[in-house]
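This report goes through selected local features of one protein chain.

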Amino acid sequence: MLKQFPAAAAAAVDHVNKDLGGLDGRPFKLVKCDSKADPAATTACANQAVQDKALAKVGLSVLWDNGNKVFAKAGVVSHNAPVTASDAVSPTSFPFGGGAASEWPGEVQYWGTKMGAKHGVTLADDNAQGQVNVDLMQAQAKKIPGFKLDVVRLKIGADPTPSVARVVGLKPDVVFTAAAGSAAVAVYRAFQQQGFPASKIVNTGATVDQETFFSKVDQAAVEGSYYSYEFETYDDTSNADVKEYRDAMKKYSKVDGKSEFYQWGFADVMTIYNIGKKIGGAKLDQKSYLDYFKNIEGENVFMGGALIAI
């Protein structure tokens with residue numbers, strides 16, 4: 001799914017250059033570098049970006065800690081979609097969304113305080129990232145009086161039926177899962193086969209993908225299910241940003257862009273463009289762009305909400 005970020009970012013760059021005339025006449029340029037989920041390759045990509053005087057880093061690199069170190073030293077902004085610890089603390093890291101680290105505890109908080117749930121179960125991947133999921137959710141659950149959160153592990157690549165059966169046997173008010181793509185298809189099918197209602201299942205926005213999920217799962221298995229999400233829904237073309245996005249994706253991409261990750265890749269570029277317009281094309285460089293983020297509170301993300309300082 002990581003290919004979705006650069007594909008949508010490329011469409012956004014074409015849109016800026018061909019439809020909007022660039023930034024005050026200056027064209028945007030997208031340079032791709034494969035960090036390969038490898039620390040050494042990540043460092044090499046970051047160093048190359050600094051050498052090339054890149055304005056910012058966009059997209060999602062799953063091991064971007066080394067990149068944040070390089071960028072912080074050089075004073076270059078990173079908009080990496082937050083998946084590493086340093087994305088939240090690096091002085092030059094400014095993600096345009098909270099990512100799973102905000103979605104997971106946010107789901108617990110909402111269902112435990114707004115939806116009346118007293119008992120939840122998180123169906124967590126049996127790996128390091130799954131443990132991060134568990135830690136964040138349990139920490140939030142402890143803050144909600146009368147709310148209990150149980151944990152059931154799901155082995156990667158395994159038949160989810162036994163794990164789902166354990167979840168159903170606990171009789172929760174709500175189930176939290178982060179399964180995406182083909183794994184999500186199998187998980188929702190297992191819940192459907194055991195008669196558990198989709199209306200009690202909550203997932204992250206990474207799963208919201210027409211191509212890899214919704215087009216492949218039985219619609220009855222997901223009817224009424226919930227998803228935390230970073231952006232305005234891609235179907236709401238009454239929203240001006242969404243319409244601009246869908247039109248540009250149709251014009252410059254081979255896909256329709258019906259997923260959170262496509263939206264995120266496009267929003268990265270367009271938010272940079274909108275900020276660049278405020279700075280001014282003639283003044284926009286690494287330093288002026290970083291300086292702008294010293295007072296970013298309330299800045300609107302394209303198709304998204306307002307940024308807050310943390």
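## Surface near the start of the chain

Is leucine 2 buried, partly exposed or exposed? Leucine 2 has a relative accessible area of 40% and is therefore partly exposed; buried means under 20% relative accessible area, exposed over 50%, and partly exposed in between (1.4 Å probe, protein chains only). The model is predicted: local features need pLDDT of at least 70 and side-chain atom pairs count only at pLDDT 80 or more, while totals for chains, interfaces and linings use all residues. Residues are numbered from 1 along each chain as its sequence is written, and side-chain values use heavy atoms, with hydrogens and water left out.

Leucine 2 sits in the segment before α1 (4-19); helices (H or I, at least four residues) and strands (E, at least two) are DSSP runs, numbered from the N terminus. Together with Val62, Leu63 and Val83, Leu2 forms a nonpolar surface patch of about 290 Å² accessible area. Patches are made of residues with over 30% relative accessible area and no salt bridge, with like charges joined within 9 Å and nonpolar side chains (Val, Leu, Ile, Met, Phe, Trp, Tyr) within 5 Å. A salt bridge is a side-chain nitrogen of Lys or Arg within 4 Å of a carboxyl oxygen of Asp or Glu. Areas come from the Shrake-Rupley method with a 1.4 Å probe, and for residues only the protein chains shown count as cover.

## The loop between α1 and α2

Most residues other than glycine have a negative phi. Aspartate 24, in the loop between α1 and α2 (39-51), has a positive phi near 50 degrees. Alanine 37 is placed in the loop between α1 and α2 and has a positive phi of about 50 degrees, although it is not a glycine. Aspartate 24 is partly exposed at 48% relative accessible area, and alanine 37 is partly exposed at 41%.

## Disulfide

How many disulfides does a search of the whole structure find? The search finds one, a disulfide being a pair of cysteine sulfur atoms within 2.5 Å. Cysteine 33 is joined to cysteine 45, with an S to S distance of 2.0 Å. The torsion about the S-S bond of cysteine 33 and cysteine 45 is about -80 degrees, so the disulfide is left-handed. The pair links distant parts of the chain, 12 residues apart: cysteine 33 is in the loop between α1 and α2, cysteine 45 in helix α2.

Cysteine 33 is partly exposed, at 48% relative accessible area, whereas cysteine 45 counts as buried at 9%.

## Threonine 204

Threonine 204 lies in the loop between β6 (201-203) and α8 (210-214), and counts as buried at 5% relative accessibility. Beyond its neighbours within four places in sequence, threonine 204 is in contact (heavy atoms within 4.5 Å) with Glu103, Trp104, Glu107, Thr177, Ala178, Tyr227 and Ser228.

## Aromatic pairs

The whole structure holds 17 aromatic pairs. Rings of Phe, Tyr and Trp (its six-membered ring) pair if their centres lie within 6.5 Å; planes under 30 degrees apart count as stacked, over 60 as edge-to-face and the rest as tilted. Tyrosine 245 and phenylalanine 266 have ring centres 5.1 Å apart and planes at 70 degrees, so the pair is edge-to-face. This pair links distant parts of the chain, tyrosine 245 in helix α10 (residues 240-252) and phenylalanine 266 in helix α11 (residues 260-279), 21 residues apart. Tyrosine 245 is buried at 0% relative accessible area, and phenylalanine 266 counts as buried at 0%.

The rings of tyrosine 289 and phenylalanine 293 have their centres 5.0 Å apart and their planes at 70 degrees, so this pair is edge-to-face. Tyrosine 289 and phenylalanine 293 are buried. Ring pairs join Phe94, Phe96, Tyr289, Tyr292 and Phe293 into a cluster.
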